[in-house]
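Please look over the sequence and the structure shown below before reading on. The report that follows takes up the backbone, the overall fold, the salt bridges and the surface in turn.

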Amino acid sequence: MKLSDFKFDVPRKLIALYPTENRDECRLMVVHRKTGEIEHKFFKDIIDYFEEGDVFVTNNTKVFPARLYGNKEKTGAKIEVFLLRELNQELRLWDVLVDPARKIRVGNKLYFGDSDLVAEVIDNTTSRGRTIRFLFDGTDEEFYKAIDELGETPILKDHIERAVEPEDRERYQTIYAQHVGAVAAPTAGMHFTHHLLKKLEIKGVEVSPITLHIGLGTFRSVDVEDLTKHKMDSENYDIPEETVDLVNRALDSKKRVVSVGTTSLKTVESSVTANGRLKKSAGWTDKFIIPPYEFKIANALVTNFHLPESTLLMTTAAFGGYDLIMKAYQEAIKEKYKFFSYGDAMLIL
């Protein structure tokens, strides 16, 4: 498939600036692959589509406040530093993006607020990418606390055009977030409430986690027309034994295995046995799923409404079928569904 196959216009007013007040009261479009039927519901209605023995696979990664603002030594110029991933905990080496990049060279020191947090630039990795080493005398716990206090919630301001607010720290996170490491939220999971999860449990539906620490590469624009030439950034994942057992039991019993989000979908499809079952594993994945693709594990998908030409949309189209998903997106625009991280949800069955 080609990049231009995923080009369409989304009115700016349909990109959600804020989440719904109650997580599970956003809108839910239900898309049936076999019949092509499209239903319009609310997210809390999702429980009506599942039964005992079905399994929801959730991504329990936790977003950390990855955007820091500092000042360059001597000139005092304001610099934004976006923490992408920790390269070496002992040496406090990090892979980051800096802005404005032209001002940041190897050897520069950056100072963050009135804290003891200082960083030195030790390498250029890309036009905006740098490797930095934090110079900090405290313990690891004190270091991460400093990052947490100084950092800003990393909502993608290129698309959500407003200032970050204190409420974003809680809302740009799933209620089951556990393992710190993501710089972007697994947004499909942000619609679940404790009450809704309890109702699923009472109905006999299992909810079991994987972990995939989402990086900015998931949102990086595709700049090649031939999608087979696009290279995804690697992201760290872990699939625990308990999830493997539940998923494989559901598959053996012809039950639903529901991937909550394209990140969960990518993770389970990165670890498949020769006979089409999930296997326990941990490591790095750069899997890029585009149509056509034969899915081995998940047979239902919960996802948000993604932006045109995004890798997330391409993966969704691979799951739901290109023609049906593009039709559903036109329906979503017509019915004024909200798009992107804080937007509405889609269930593909």
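## Backbone features

Pro292 is placed in the loop between strand 15 (281-285) and strand 16 (300-304), where helices (H or I, at least four residues) and strands (E, at least two) are DSSP runs, numbered from the N terminus. The peptide bond that leads from Pro291 to Pro292 is cis, with omega near -5°. A cis peptide bond also joins Asp99 and Pro100, with omega about 0°, and Pro100 is placed in the loop between strand 7 and strand 8 (109-111). This is a predicted model, in which local features need pLDDT of at least 70 and side-chain atom pairs count only at pLDDT 80 or more, while totals for chains, interfaces and linings use all residues. Residues are numbered from 1 along each chain as its sequence is written, and side-chain values use heavy atoms, with hydrogens and water left out.

Positive phi values are found in residues other than glycine as well: phi of Lys254 is near 60°, and Glu309 has a positive phi of about 60°. Lys254 belongs to the loop between helix 4 and strand 14 and, at 73% relative accessibility, counts as exposed. Glu309 lies in the loop between strand 16 and helix 6 (311-320) and counts as partly exposed at 27% relative accessibility. In these terms, buried means under 20% relative accessible area, exposed over 50%, and partly exposed in between (1.4 Å probe, protein chains only).

## Overall fold and burial

The secondary structure of the protein comes to seven helices and 17 strands. Taken along the principal axes, the box filled by the C-alpha atoms is roughly 65 × 40 × 40 Å. For 349 residues, a compact globule would have a radius of gyration near 20 Å, and the 21 Å of the protein agrees with this; the radius is taken over C-alpha atoms, and the globule rule is 2.2 Å times the number of residues to the power 0.38.

Of the 349 residues, 54% count as buried. Helix 5 (residues 262-269) is largely enclosed by the rest of the structure, because eight of its eight residues are buried. Among them are the charged residues Lys266 and Glu269, together with Leu265 and Val268.

## Salt bridges

Side chains of opposite charge can pair when their charged atoms come close. Counting a side-chain nitrogen of Lys or Arg within 4 Å of a carboxyl oxygen of Asp or Glu as a salt bridge, the model holds 16 salt bridges. One of these joins Arg12 and Glu161, whose closest N and O atoms are 3.0 Å apart. The pair links distant parts of the chain, with Arg12 in the segment before strand 1 (27-31) and Glu161 in the loop between helix 1 (140-150) and helix 2 (168-171), 149 residues apart. Arg12 is partly exposed at 48% relative accessibility, whereas Glu161 is exposed at 55%.

Lys255 forms a salt bridge with Glu51, the closest N and O atoms being 3.2 Å apart. Lys255 lies in the loop between helix 4 and strand 14 (257-260) and Glu51 in the loop between strand 2 (38-42) and strand 3 (55-59), so the pair ties together parts that are 204 residues apart in sequence. Lys255 is partly exposed, with a relative accessible area of 27%, and Glu51 is partly exposed at 45%.

Arg92 pairs in a salt bridge with Asp140, with 3.0 Å between the closest N and O atoms. Here Arg92 is in the loop between strand 6 (78-88) and strand 7 (93-99) and Asp140 is in helix 1, 48 residues apart. Arg92 is buried at 8% relative accessibility, while Asp140 is partly exposed at 35%. Elsewhere, salt bridges that share partners join Arg67, Glu80 and Glu152 into one network.

## A negative surface patch

Which residues form the negative surface patch? The patch is formed by Glu52, Glu206, Glu241, Glu242 and Asp245, on the rule that patch residues have over 30% relative accessible area and no salt bridge, with like charges joined within 9 Å. Helix 4 (residues 241-252) gives the most to the patch, with three residues. Asp245 is placed in helix 4 and is partly exposed, with a relative accessible area of 39%.

Technical notes: Patch = residues over 30% accessible without salt bridge, like charges linked within 9 Å, V, L, I, M, F, W, Y side chains within 5 Å. Areas by Shrake-Rupley, 256 points an atom, 1.4 Å probe, with all protein chains shown as cover. Charge placed at Lys NZ, Arg CZ, Asp CG, Glu CD.
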